[in-house]
Amino acid sequence: MYEVSSEIYSETDLQQTKCEDGRLISKFQFEYPNDDEISSTKDKDGDFEVKRKRIGVIEIEHSGSTVLKLVGLQVWRGALLLADFLLYNRHNFADKNILEVGAGVGLTSIAAAIFCKNVICTDVDIGGILQLIRKNIDRNRKLLSNDIKVMEYDFKTVEYAPQLANAIEMSDIILAADVIYDDDLTECFVRVIDRIFSTTDSKRTKSIYVTLEKRFVFTLDDLETCAPCYEYFLKIAQPKPWRIEYIPTDFPQYFKYERSKHLILFKITTK
Ligand SMILES: C[S@@+](CC[C@H](N)C(=O)[O-])C[C@H]1O[C@@H](n2cnc3c(N)ncnc32)[C@H](O)[C@@H]1O
């Protein structure tokens, strides 16, 4: 069967090791943001010496390639862009309730929980993905400022378990990395956004941060290249009472990956 593979495995040295079941363990190195660098020594004039960069490593177990249905078992660039954005905004988000949807193997939630206390990581439970997220959280526990809750959130669900309904209601920041790649799923994601905003009240506003990679194809109909999944999302989001704000991706890069110009980040709020 046709398999896809994330670009990041070939563009970065992830010091991968292979597990017995064929899965990989990759080391995602990142630089701690500046104010977390340690400087304890002073030079002979009493000035603090130049700080050395502090490097962290998130270890993630994942698949190297998968069928389309199981792409969540891999790590995609959108997860790293969102992780960078979270590290950059660590002071704004530290005390917020963060809910990640379509989290894949959990890298972005793990990055969030380095500085944020309340992180809930969700995905549809296929291919053992929730179990893998829990395993990855365990692997990286020493980096985290608090535990991460893991639960299922299937975009296709209509019946919400009380625990999930409560997590949505209490959330301030919702994260979604690279979940716009299939039109049926995009329609479900748009309903998920509606559902999330339906629980917004005057006490708690919600912001949804979405990353995606515009994947271009050449269409004979138009005789030009287009990014159909992204364009479909914009089309069905257009009538909604939402504000979509594009965030320039020129903030510092803490993780190693190619931040291509087709990798975008936007924030959705209600009007
Ligand atoms: C391209 S992957 C992105 C994974 C991860 N966020 C990343 O960027 O590395 C798409 C994600 O959407 C999730 N997904 C697929 N169908 C879903 C559904 N019905 N409900 C919720 N999430 C779903 C997949 O499991 C996967 O985690």
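Q: Quick one before we start: what counts as near a molecule or strand here?
A: A residue whose C-beta atom, placed from the backbone, lies within 6 Å of it.

Q: And what kind of model is this?
A: A predicted model: local features need pLDDT of at least 70, side-chain atom pairs count only at pLDDT 80 or more, and totals for chains, interfaces and linings use all residues. Residues are numbered from 1 along each chain as its sequence is written.

Q: OK, ligand. Which residues come nearest?
A: Gly72, Ala79, Gly102, Gly104 and Phe155, out of 21 residues around the ligand.

Q: How does that shell split by class?
A: 13 nonpolar, four polar and four charged. Nonpolar is Ala, Val, Leu, Ile, Met, Phe, Trp, Tyr, Cys and Pro; charged is Asp, Glu, Lys and Arg; the others, Gly among them, are polar.

Q: Switching to helices. How do H2 and H4 cross?
A: At roughly 10°, with the axes of H2 (residues 77–88) and H4 (residues 107–115) coming within 9 Å. Axes are lines fitted to C-alpha atoms, for helices over the stretch in contact, and angles run from 0 to 180 degrees between N-to-C directions. H2 and H4 are therefore roughly parallel, meaning an angle under 35 degrees.

Q: What residues meet there?
A: From H2, Ala79, Leu82, Ala83, Leu86 and Leu87; from H4, Leu107, Thr108, Ala111 and Ala112. By class, that contact has eight nonpolar residues, one polar and no charged. Contact means C-beta atoms, placed from the backbone, within 7 Å.

Q: How many helices and strands in the protein?
A: Eight helices and twelve strands. These are DSSP runs, numbered from the N terminus: helices are H or I with at least four residues, strands E with at least two.

Q: What box do the C-alpha atoms fill?
A: Roughly 70 × 50 × 40 Å, along the principal axes.

Technical notes. Angles under 35 degrees count as roughly parallel, over 145 as roughly antiparallel, 65 to 115 as roughly perpendicular and the rest as oblique. Two residues are in contact if their C-beta atoms, placed from the backbone, lie within 7 Å.
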